[in-house]
Amino acid sequence: MAERMLQFVRLSQQTPEKRPATIRREDFDEIYKRFDPARAAEQASRCSQCGVPFCSVHCPLQQNIPDWLKLTAEGRLEEAYEVNSATNTFPEICGRVCPQDRLCEGNCVIEKGFEAVTIGAVERYINDTAWEKGWVKPPRPVRELEHSVGIIGAGPAGLAAAEKLRTAGWQVHVYDRYDRAGGLMIYGIPNFKLEKDVITRRTAQFAEGGITFHMNCEIGRDVTLEELRARHDAVLIATGVYKARDIEVPGSHLGGVVPAMDFLTASNRKGLGDSVPEFDSGALNARGKRVVVIGGGDTAMDCIRTSIRQDAASVTCLYRRDKANMPGSMREVHNAEEEGVRFSWLTAPEGFEGEGSVTGVRVTKMHLGLPDATGRQQVEPIPGSSFIEPADLVIKALGFDPEDLPTMFGEPGLKVSRWGTLAVDRRSMMTSLPGVFAAGDIVRGASLVVWGIRDGRDVAERIAEYVTAQKTVPQAAE
């Protein structure tokens with residue numbers, strides 16, 4: 001091992017080559033190129049193989065990261081893929097969209113003078129190679145079981161649970177109100193971070209493995225939750241959270257003030273070749289406009305970088321805290337700055353100006369005050385600091401809340417928390433309805449793709465335990 005690993009003392013950290021900002025802002029292609037085999041092996045060999053791998057500890061999936069780094073350094077890529085995919089349903093996606101700077105790489109114990117191992121880029125290299133070599137197989141079970149599960153939602157949590165249960169032999173049916181599987185991965189994340197064929201090839205493989213998809217199927221309209229419960233041994237609700245948080249300020253009704261998901265969905269649908277009248281009319285198109293994005297999370301970063309690629313006249317991001325307190329990835333902020341986005345730190349909107357359509361955002365400057373009960377500094381307005389930020393398109397990227405599922409599903413017995421998320425037993429992951437489980441953002445609130453995968457894999461085990469017990473206990477009683 002000593003000859004292969006611990007090479008951080010002589011090899012510096014290197015990320016994959018990044019396309020120049022002047023070129024990448026002209027298209028929606030992914031901005032990072034792939035490692036070549038030699039570079040991937042070199043960067044993997046920088047791992048110190050530490051006794052307590054904090055990279056694994058801080059990965060929601062607790063992946064065996066040092067193991068597959070060592071296998072990559074030794075050129076044993078198929079084995080590296082097997083180890084990686086054993087704990088991750090979508091490693092090729094996590095390698096692209098996970099905020100590694102906050103998770104695995106951010107907790108690498110290599111002395112900071114040497115910088116962390118480039119874990120995410122190596123993970124992407126392993127799995128892109130696996131797809132090219134044909135190592136990735138559909139989830140075909142050894143034997144078929146009579147157990148049936150209905151999964152509501154084709155996002156990360158729902159698909160992770162579907163794959164795990166199908167591999168075990170279950171009859172798996174996935175219901176989703178949209179026309180493509182993938183959830184926010186297909187319509188919320190832009191191509192420059194996650195090209196859509198990365199998702200569609202995986203969902204096509206799931207279908208090949210026997211998972212049945214029911215698209216354009218809305219629960220409460222096309223089928224009721226009660227009918228799904230009668231049809232399947234268990235039901236999983238993994239709808240995610242799609243209700244956009246709003247900001248109650250004057251002028252919110254003006255034309256040109258739009259939610260982030262509407263804007264991103266229109267852009268992604270256009271890229272997929274769909275007819276998008278709102279994009280073609282300019283209502284959800286940034287071309288030639290002065291764009292202002294409100295928010296500081298990853299969704300805001302997706303909106304500002306999409307606007308740049310749509311040839312906006314200017315793009316400004318308003319965030320009420322400073323750069324150090326942004327919830328989004330610093331890597332994304334840096335990429336946006338390179339591409340020409342202007343950040344206006346410590347600023348918050350007071351209202352929107354215009355007659356019929358927005359012409360500007362009335363903004364006030366903020367300052368950070370004392371920490372609140374959570375330890376985070378409060379923000380307070382600076383009196384007399386207001387100014388107008390010109391805008392033709394304002395995108396509200398303020399986060400997401402859960403929809404009213406009991407009403408949508410016509411099931412008042414489905415209990416929710418005080419935040420509107422589904423209430424579940426934390427041990428069994430079951431809702432207030434027997435045999436109905438929930439996982440992902442609809443339980444934990446808006447979060448990361450990797451947490452959705454973790455929840456989906458966990459709930460699959462809970463569902464299997466529950467149904468197995470339900471089917472065996474009556475037999476034992478006889």
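User: How many residues of domain 1 are in contact with residues of domain 2?

Analyst: This is a predicted model. Its chain is divided into domain 1 (21-133), domain 2 (148-242 + 400-472) and domain 3 (246-396). Domain 2 brings 24 residues to its contact with domain 1. The number that domain 1 brings is 24.

User: What area do domain 1 and domain 2 bury between them?

Analyst: The size of an interface is often given as the accessible area lost when the parts come together. The centres of domain 1 and domain 2, taken over C-alpha atoms, are 27 Å apart. Of the area buried between these two domains, 68% is on carbon and sulfur atoms. The total is about 2,200 Å².

User: With which residue does Glu 92 form a salt bridge?

Analyst: Two salt bridges are found across the interface of domain 1 and domain 2. The salt bridge of Glu 92 has its closest N and O atoms 2.9 Å apart. That is within the 4 Å cut-off. The partner is Arg 202.

User: Why is one side of β3 and of β16 left without a neighbour in the sheet?

Analyst: The open sheet has five strands in the order β3-β2-β1-β4-β16, with parallel pairing. β3 (212-214) and β16 (436-438) stand at its edges, so one side of each has no neighbour in the sheet. Each of these edge strands has just a single partner strand.

User: Which residue of β16 is the bridge partner of Leu 236?

Analyst: β4 (residues 234-237) pairs with β16 in the parallel sense, over three bridges. The bridge partner of Leu 236 is Phe 437.

User: What angle does the direction of helix α8 make with that of β2?

Analyst: Helix α8 (residues 156-167) packs on the sheet. It touches β1 (148-152), β2 (171-175), β3 and β4. The angle between the directions of α8 and β2 is about 165°.

User: Does Ser 48 count as buried or exposed?

Analyst: Ser 48 is in the loop between α2 (37-44) and α3 (54-57). Beyond its neighbours within four places in sequence, Ser 48 is in contact with Leu 6, Phe 8, Val 109 and Ile 110. The cut-off for a buried residue is under 20% relative accessible area. Ser 48 is at 18%, so it counts as buried.

Technical notes: Residues are numbered from 1 along each chain as its sequence is written. This is a predicted model: local features need pLDDT of at least 70, side-chain atom pairs count only at pLDDT 80 or more; totals for chains, interfaces and linings use all residues. Side-chain values use heavy atoms; hydrogens and water are left out. Two strands pair if DSSP finds at least two bridges between them. Helices (H or I, at least four residues) and strands (E, at least two) are DSSP runs, numbered from the N terminus. Contact means heavy atoms within 4.5 Å. Axes are lines fitted to C-alpha atoms, for helices over the stretch in contact, and angles run from 0 to 180 degrees between N-to-C directions. Buried means under 20% relative accessible area, exposed over 50%, partly exposed in between (1.4 Å probe, protein chains only). Domain bounds come from an automatic or database domain assignment. Buried area is the accessible area (1.4 Å probe) that two parts lose on being put together, summed over both. A salt bridge is a side-chain nitrogen of Lys or Arg within 4 Å of a carboxyl oxygen of Asp or Glu.
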